[in-house]
Amino acid sequence: MNRPPLILERLHIEASSRSRAENGYAIRAAQRKHGLDHDLPLAVFYELLGAITAVSEIRFHGWGDPLGNPDILPMLAAAKKSGARVVLVTDAVRFTDDHANALVRDGIDSVVFPLAGLTEESNFRRRGTSLFAAATAIKRLHTVQAVHQSALPEIAARYTLTRSGLASELDALPDFLTRLGVQAVAMRPLSYATSPETECDTLVPDTQEAYEALADRLRRLAGETAARGIRLDSQVVYGGQSRFRCPDIPGSAFFVAADGALSPCPLCNVPVAETACYRFHGQDIPFPHDVRGNLHTTSLPAIWNAEAYKEFRYQHDTGTPPAGCADCWRSFLASV
């Protein structure tokens, strides 16, 4: 039987679930005993790519570091050969000269380094990662790019803005990013808490006035970074606005975990106990758990074309929140 072509806007790949998260701000840290280390097999990834007719963007990220997978470089090369835009998100702790050379050689489009502050201490306290490792990786990439006279990959950062960081770091951010040597930044305020101890640092405006004040400050920041040649993209969760719009576009995208499980989005398969909750806007909300199948046992077309999954995607495409998605904090994201 002929199946319809599978055309995607985005493919999220968790190449490895290995993580260094060791603090309460990180999901994995709060529930570490429930997570197991997996690496997505190269053969499974090749079969997955072969089943997709076309995909606009392939993002290697997830709840671990993609560089924990020993086959990450062949995966990145195959993804690029598919014609997709390829993005690698890594905490840089495992980043080596071999990675830098391969990323430039294969023309990977973007490398993103998550940052949680302007100091080594704040990065470890909030994410369990290393600012020094990210800075070292960026220098390696700049060196290889200079040797090969290559503009790729674009070097980007994802900066987590906390309530305390709003007061102590935001004004210093443009100069910091310039010294770091990044070309683009995604600003994402800490919107939910993984424990009561971290809820005080979440940044969710709950009135129109508070939202506009934060949005105005971030717009001014974007102008300052643009003057330094750095593109800043900010999104803010506005807790006072009720709407349904999923930024993960599950109607034309999906997430493959390192153990082969396929879910509509990364938040639908967080490596935590199924009873775990997060705090958002003063409420405890269970982490959603939605696994549609596993590529180790079921083919991608069989999973994608299941009637229940097709109905789920139809609901998203028509703006109707399916069960488990209506209260998700990501549906409150607004671009500034």
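I began with the span of α9: its 20 residues reach 29 Å from the first C-alpha to the last, close to the 28 Å expected at 1.5 Å a residue. I am working from a predicted model.

Next I looked up which residues of α9 are buried. I listed Y211, L214, A215, L218, L221 and T225. They cover an arc of only 120 degrees around the axis, so they sit on the same side of α9.

I then turned to the face of α9 directed away from the buried side, and found the exposed residues E209, A213 and A227 there.

What covers the buried residues of α9? I noted that the cover includes the strands β5 (154-161), β6 (184-189), β7 (231-237) and β13 (333-335). The helices α7 (163-168) and α8 (173-180) are also included.

Is Y211 buried or exposed? I have it as buried, because its relative accessibility is 10% and the cut-off for buried is under 20%.

I checked the contacts of Y211, leaving aside neighbours within four places in sequence. I recorded P205, V236, Y238, A334, S335 and V336.

Last, I looked at what comes after the helix. I noted that G229 follows α9 and has a positive phi, near 80 degrees.

Key: Residues numbered from 1 in each chain as written. Predicted model: local features only at pLDDT ≥ 70, side-chain atom pairs only at ≥ 80, totals over all residues. Heavy atoms only, no water. Buried < 20%, exposed > 50% of the residue type's maximum accessible area, 1.4 Å probe, protein only. Contact = heavy atoms within 4.5 Å. Helix = DSSP H or I, 4+ residues; strand = E, 2+ residues; numbered from the N terminus. Expected span 1.5 Å × (residues − 1). Arc of directions from axis to C-beta.
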